[in-house]
Every structure is written in C-alpha cells, then in structure tokens.
Amino acid sequence: MEISAYKPYGDPEFESLIERIHPPRVCIDNDSCRDCTIVKVDSANKHGILLEMVQVLTDLDLVISKSYICSDGGWLMDVFHVTDQLGNKITDESLIHYIEQAICASRRGSREIQTCVDRNVRPRHVSMEHTAMEMTGIDRPGLMSEISAVLAELGCHVSAAVAWTHNKRAACIVYVEDELKHGPIQDPYRVAQVQEQLENVVEAHHYDGERRSVRLAAPAASQTHTERRLHQLMAADRDYEQCCSCGYESSADDEVYRQKKGCNGTEVKVENCRQKGYSIVTVRSVDRPKLLFDTICTLTDLQYVVFHASISSFESIAVQEYYVRHKNGWTLDSESERRRLTQNLMAATERRVSHGLRLDVSTQNRVGLLSDVTRVFRESGLSISRAEIGIQGEKAVGTFYVKDASGQAVNPETLETVRREIGGTVLVVNKSLGRSSSQPTSSSNTTPNISTSHSSSKQDKPGFSLGSLLWSQVEWLSSNFRPIKS
C-alpha cells in the first residue's frame with residue numbers, strides 16, 4: 001500500500017480573513033512633493049504583490065522616478081514617486097481612483113474593479129478573448145513578416161502583438177481570432193493546423209537541435225501579463241547566456257560578485273550581508289520607462305523575495321538596490337546562483353532597449369494588415385528589432401523599431417519608399433534640436449499616419465504605447481476626465 005506524504009491542512013479562508021482584518025490601504029499624495037505624485041501602499045504581504053503593484057502603474061505609462069520598499073514581518077509599506085510621461089503630477093480624480101481600485105484588486109487577486117472605469121479597461125496586450133501564439137527562436141530579418149503572412153493566409157486576424165529581440169534571439173506573443181467566427185480558435189484540428197504551419201516558418205532557418213518553440217494557448221482569465229510572459233519566454237530560451245561576455249569580478253572571500261559594464265552601460269553587483277541575513281543586489285543602468293517592472297519581474301520569476309529596496313534615478317542613470325532572499329529563506333551563497341541572477345538581471349534591463357528608427361503607425365483595422373506592413377519593411381531591407389501592435393476602436397495602431405538589415409541606420413531613400421508604400425504623413429522628430437518637421441503626402445482611402453523618431457532616449461516625446469491605449473479608454477469612459485496638462 002502506497003502511503004502519501006503528510007501535508008498540513010491550510011484553511012483557504014485564512015488569507016481572506018487577513019484581508020478583512022487588515023484591508024490594503026492606498027494613499028495618493030499630491031501635496032508632499034513639488035514635482036511628482038507619491039503613491040503609498042500599506043498591505044499584508046504575499047509573494048508577487050510588489051510586481052502586481054508596479055504593473056498597475058507601468059501599464060498606465062506612468063514614470064516611477066523613485067521608490068522605497070519595505071516588507072519585513074509579513075506586512076509591506078511601499079512608496080512610489082510617479083509622474084506622467086511629460087513629467088507632470090497625476091491630478092485627474094478618475095485616474096487616481098482607478099489606481100487605488102486597481103492596486104487593491106491586485107492585492108486581493110481580483111480582476112474586477114468597481115469604479116467609474118469599465119471593468120474591461122486594460123492594456124490591449126492582455127487579451128482574454130483571443131488565442132495566444134507564443135514563439136521563440138533565432139532572430140532574423142523577415143521573421144515577423146513570414147509569421148503574419150501565414151496567419152493571414154490561414155484566416156487568423158491579429159488583434160494584438162508584442163515582439164522583442166535580444167542577443168540574436170527573438171520572442172513574440174501574437175493574439176489572434178478566427179476571421180469567420182470572430183472569436184478564439186477552438187477547433188483542435190484548426191489549432192493543430194495553424195501551429196504546424198507556424199512551426200515550419202520558425203524551423204526554416206534553424207539548425208538541427210537548435211532551440212525554438214511555437215505554442216498556441218486558449219484564452220484564460222488568469223493568464224500571465226504579456227510583457228512578463230515575454231521575459232519568461234526569453235529566459236527559457238536562455239538569451240541571458242551571452243550577457244556574461246564582458247567578464248566578472250569576484251572577491252577573495254567570494255562575498256561580492258560584480259558584472260562589469262556591458263554594451264548598454266548596465267552594472268550588477270551581488271553581495272551578502274551576513275549580519276542581517278540578506279543578499280544585496282545593486283543594479284546600475286541607463287534609466288528608461290518600465291525598468292523597475294522588468295527588474296522586479298525577473299526577481300519574482302526567479303523566486304526571490306524583496307524585503308527592502310531603494311530605487312532612484314538622476315538624469316539618465318537609475319540605481320536600484322534590493323535586499324533579497326530566496327523564497328525558501330536562503331541567501332545567494334553559491335557562485336553559480338549569483339552568476340545566474342546577474343545574467344538574468346542584465347538581460348532584463350537590455351531586452352526592452354530600443355534600437356533603430358521608431359515608426360508609429362495608425363490605420364483602419366483589417367484582416368492581413370500586419371502582414372502587409374511587415375512585408376513593406378522586409379522588401380525595403382528593414383529588420384524589426386521590437387514591435388507593439390494593438391487595436392484602438394476601429395483603428396489598428398502600432399510601434400515598430402526598425403533598422404537596416406545590415407545593421408546600419410535607415411537611409412532617407414528607404415524611409416521614403418516605406419512611407420510611399422504605406423501612405424499617409426511622416427513626422428520626423430529631431431532629438432538633438434528638439435523640434436519636429438512634417439512632410440505632407442497624398443491621402444489614401446485608409447489614410448494611415450506614420451510618425452518617426454530615432455529612439456532609445458527617455459527624453460523622446462512619447463509615441464504610441466500599449467499603456468496609452470488603456471489611457472484612451474479611461475478618457476472615454478470617465479465622465480469627469482480632464483486631460484493632464486502639458
């Protein structure tokens with residue numbers, strides 16, 4: 001007779017009891033600081049709650065310039081200094097109320113937000129109604145064009161997509177619906193057919209035994225946040241392995257482990273504080289939007305618990321210091337564990353760094369649109385390094401970061417060819433002079449609009465982002481909404 005291991009009984013009502021006794025409190029303060037809004041959160045602690053709170057703020061495209069985190073003793077007290085992307089305080093009451101409700105809902109694990117903002121308001125890259133296609137493999141020019149062409153040929157309409165590239169690897173998540181049934185792909189035979197065709201595309205330029213994956217997943221209410229899932233996909237694809245190419249420094253007593261500055265200026269240091277029983281992780285890098293989300297996402301998925309943290313930025317440099325332990329209570333004692341964490345944090349800070357020319361596209365939504373746009377890029381010799389695509393009302397909107405397939409900057413003749421093929425108006429932003437110039441073009445039936453800028457600077461004027469789609473829905477659904485003044 002097989003005897004199962006003893007497991008202590010855990011009352012499922014215990015956590016809800018803690019919530020009823022000590023409900024989370026969110027305070028949004030616009031008086032204490034002259035140039036930013038302070039968001040304070042007091043709540044019972046649980047693994048992953050810090051990431052969920054940061055996710056709420058970053059999904060709204062808010063900039064977190066400073067943060068203090070303390071979560072010892074089963075209770076957390078977190079402070080975030082935030083502004084909008086233009087550096088203004090958050091003064092709109094409907095948005096403030098939404099933040100309060102969303103953070104409390106994330107603490108309770110609830111998806112329902114009882115507020116003046118409709119419950120369906122969420123970033124368009126979190127699609128609960130459509131089938132998700134996940135892909136990882138070698139990055140190569142034309143890959144996204146080939147994938148979108150196969151989807152269009154099979155009658156799959158793309159409703160949203162996010163794609164990243166890093167260290168010659170690529171990962172993307174594409175949300176699709178059946179063109180005829182206007183819903184998720186549910187027929188098992190059709191799912192297998194679509195997956196087989198996509199696998200053929202991904203395998204076309206791979207060597208035998210090389211890492212690659214294609215997976216179709218049915219919609220689920222509890223699915224992982226898309227950008228967090230992209231981090232997981234790229235980590236599973238081991239894109240972080242090349243992040244050690246710059247070398248390491250290790251002290252004689254093996255207590256300090258430092259990653260030298262890499263190509264993007266990122267430095268990671270891991271040391272143990274035996275007196276307090278923590279490992280201290282310091283990340284110094286170029287500041288950019290969503291950097292805090294990317295770092296905490298990596299720590300959370302590697303099963304590390306943040307007990308204390310201090311995050312600050314000065315001009316273009318961000319410094320993050322975390323006091324952590326593994327979920328099992330241990331510090332980072334082995335060199336291999338410190339190396340693994342260092343590599344993963346380096347990769348997390350680099351994946352979202354944008355290289356190349358930014359193209360913001362807005363046009364009438366239709367089946368096959370993504371295939372047509374990416375085909376123009378491919379035929380013009382352009383490679384996509386990062387992309388975000390979504391739907392806003394009747395429009396399809398997206399941001400593409402492209403570069404010449406040879407790695408050079410996009411020349412004006414190529415840009416003119418792309419503009420002519422897609423149509424519309426081109427807006428060129430000159431960062432060094434701080435001014436923009438527009439070039440009028442002939443109109444077309446769909447009247448797309450394209451704006452361009454060379455980007456990876458946080459000072460760039462913000463263009464399309466998936467969080468801005470959520471903002472537009474807040475604006476439309478909130479009767480007392482007032483635009484944040486520039």
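The side chains of D237 and R211 form a salt bridge, at 3.5 Å from N to O. A salt bridge here is a side-chain nitrogen of Lys or Arg within 4 Å of a carboxyl oxygen of Asp or Glu. D237 sits in the loop between α6 (226-236) and β9 (248-250), and R211 in the loop between α5 and β8 (213-217), so the pair ties together parts that are 26 residues apart in sequence. Helices (H or I, at least four residues) and strands (E, at least two) are DSSP runs, numbered from the N terminus.

This is a predicted model: local features need pLDDT of at least 70, side-chain atom pairs count only at pLDDT 80 or more, and totals for chains, interfaces and linings use all residues. Residues are numbered from 1 along each chain as its sequence is written, and side-chain values use heavy atoms, with hydrogens and water left out.

- D237 is buried, with a relative accessible area of 4%.
- R211 is partly exposed, at 27%.
- Buried means under 20% relative accessible area, exposed over 50%, and partly exposed in between (1.4 Å probe, protein chains only).

**Other salt bridges**
- The whole structure holds 22 salt bridges.
- Side chains of opposite charge can pair when their charged atoms come close.
- D178 and R190 meet through their side chains in a salt bridge of 2.9 Å, N to O.
- This pair links distant parts of the chain: D178 belongs to strand β7 (residues 169-178) and R190 to helix α5 (residues 188-203), twelve residues apart.
- D178 is buried, at 7% relative accessibility.
- R190 is also buried, with a relative accessible area of 16%.
- E241 pairs with R238, and their closest N and O atoms are 2.8 Å apart.
- E241 is partly exposed, at 36% relative accessibility.
- R238 is likewise partly exposed, at 36%.
- A network of salt bridges links E227, R288, K290, D294 and R352.

**Helix α7**
- Helix α7 covers residues 291-301, and ten of its eleven residues are buried, so the helix is largely enclosed by the rest of the structure.
- The buried residues of α7 are L291, L292, F293, D294, T295, I296, C297, T298, L299 and T300.
- D294 of α7 is buried, and D294 is also a member of the salt-bridge network with E227, R288, K290 and R352.
- Q303 follows α7 and has a positive phi, near 70°.
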